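Please examine the sequence and the structure below before reading on.

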Amino acid sequence: MPVVTPSLAFLIFAAGAVSGGLGALLGIGGGVFLVPFLNLGVGLAYPVAAAISLATVIATSTSVSAGRAGKQLINIRLGMVLEVATAAGSLLGGVTAQFVAASVLQKLFGVVAIVVALIMVGRLNRRNVILDPAADPGLLGGRFHEHESGGTVTYQVKRLPVALLASFVAGNVSSLLGIGGGVIKVPVLNAWCGIPLRAAAATSAFMIGVTATAGAVIYYGRGELTPALAAAAVLGVQVGSWGGMQFGARASTKWLKLLMAAVLFGLAIMMFVRGGR
Amino acid sequence: MTREAARLERIIGVVLRTGVAVSSACLAFGLLLSLFGAADLAAAVMNVGVVVLLVTPVARVVVSIVEYAAARDWTFVVLTAIVLVELAASAVFALVFNKRL
């Protein structure tokens with residue numbers, strides 16, 4: 001157990017605020033930043049860092065979704081369908097860890113992140129929205145009011161199996177890496193499944209709480225979740241996610257896509273650094 | 001959006017807001033206590049905060065099952081029930097077999 005000093009608690013509080021802000025903006029838990037920061041920067045053991053990160057992912061998911069519930073941005077039906085795949089991925093995460101070396105998995109993950117980032121950048125000016133209010137969103141699609149285009153936008157879900165596969169993979173690596181997996185789901189849902197970035201982010205944020213819970217319970221049961229550090233990080237998340245939500249509704253979709261691509265490149269670097277050791 | 005869907009979204013919002021409020025209050029109070037040296041009480045209070053945090057997403061899934069059942073939307077009752085079983089199974093497997101992550 002690491003010794004908890006006020007300065008360490010404050011540092012982790014600040015890191016939690018950054019994660020929470022990104023979570024509210026991009027629908028990712030922010031674990032992608034928090035884990036390398038706590039592991040490489042602060043020097044906590046990987047399981048301790050991953051456990052704190054998973055706790056913040058749950059906090060981000062819960063507070064962002066609580067703030068958005070009732071605004072129709074979260075596609076709850078789609079989220080529930082994809083959760084079946086993501087929870088199955090978490091369940092089999094331990095099995096994956098038995099058969100695939102962590103370093104191989106991490107390098108593979110890095111390559112995927114770069115490919116997805118390039119696709120995001122290539123699609124900067126393409127939107128998934130149908131502005132005709134009479135359009136049929138289909139069984140799993142949705143509609144919501146968007147500030148940027150000033151109207152109600154409608155979308156249909158395409159290639160559901162791809163969305164299910166991405167959710168499965170996200171769940172599969174979640175407990176292993178200490179991340180919620182939003183970084184995988186959001187770009188895939190946006191680039192291939194026809195879901196507007198804001199709806200993809202809100203739906204992913206909704207789901208990652210369930211994804212991270214499966215992993216967090218494991219770490220908690222083993223006593224690797226340090227309550228004081230988790231407390232500092234989770235409180236930081238509350239502050240950060242509030243700020244991110246204020247800013248997110250006004251930020252342009254193009255800017256959000258560029259931020260997502262930057263996050264993916266960062267993730268790729270992190271994976272190559274870890275996978276190389 | 002149907003009336004049932006709007007109702008479900010509202011109820012989920014209440015569950016999540018309650019979970020966030022209770023766990024944050026416990027964690028903040030515990031962290032303050034630990035700064036003033038009441039280590040045992042602080043640990044107990046923060047532990048409650050962590051457990052509430054972990055239980056909140058599960059509670060959201062349980063509430064969804066109940067609401068979908070009330071709306072007789074059996075497809076989604078089955079889907080959300082599968083999620084709950086998967087969550088329970090991953091916790092049980094990991095804790096019983098203590099596999100490496």
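The paragraphs below treat the interface and then the nonpolar core.

The model is predicted. In it, chain A and chain B meet through 49 residues of chain A and 44 residues of chain B. The size of an interface is often given as the accessible area lost when the parts come together. For chain A and chain B that buried area is about 4,100 Å², with 74% of it on carbon and sulfur atoms.

Two salt bridges are counted between chain A and chain B. Arg77(A) forms a salt bridge with Asp73(B), and the closest N and O atoms of the pair lie 3.2 Å apart.

On the side of chain A that touches chain B, two or more residues come from each of α3 (46–68), α4 (76–91), α5 (93–99), α7 (160–177), α9 (197–221) and α10 (227–248) of chain A. The element that gives the most to this side is α9(A), with 12 residues. By residue class, the side of chain A that touches chain B comprises 33 nonpolar, 11 polar and five charged residues.

The nonpolar core is the remaining topic. The largest such core has 109 residues, of which Val183(A), Leu264(A) and Leu267(A) touch the most other members. With residues up to four places away in sequence left out, Leu264(A) touches Ala113(A), Val116(A), Ala117(A), Met120(A), Val183(A) and Pro187(A).

How values were computed
Residues numbered from 1 in each chain as written. Chains lettered and ligands numbered in written order. Predicted model: local features only at pLDDT ≥ 70, side-chain atom pairs only at ≥ 80, totals over all residues. Heavy atoms only, no water. Contact = heavy atoms within 4.5 Å. Buried area = accessible area lost by both parts, 1.4 Å probe. Salt bridge = Lys/Arg side-chain N within 4 Å of Asp/Glu carboxyl O. Helix = DSSP H or I, 4+ residues; strand = E, 2+ residues; numbered from the N terminus. Nonpolar A, V, L, I, M, F, W, Y, C, P; charged D, E, K, R; others polar. Core = buried A, V, L, I, M, F, W, Y, C linked by side-chain atoms within 4.5 Å. Buried < 20%, exposed > 50% of the residue type's maximum accessible area, 1.4 Å probe, protein only.
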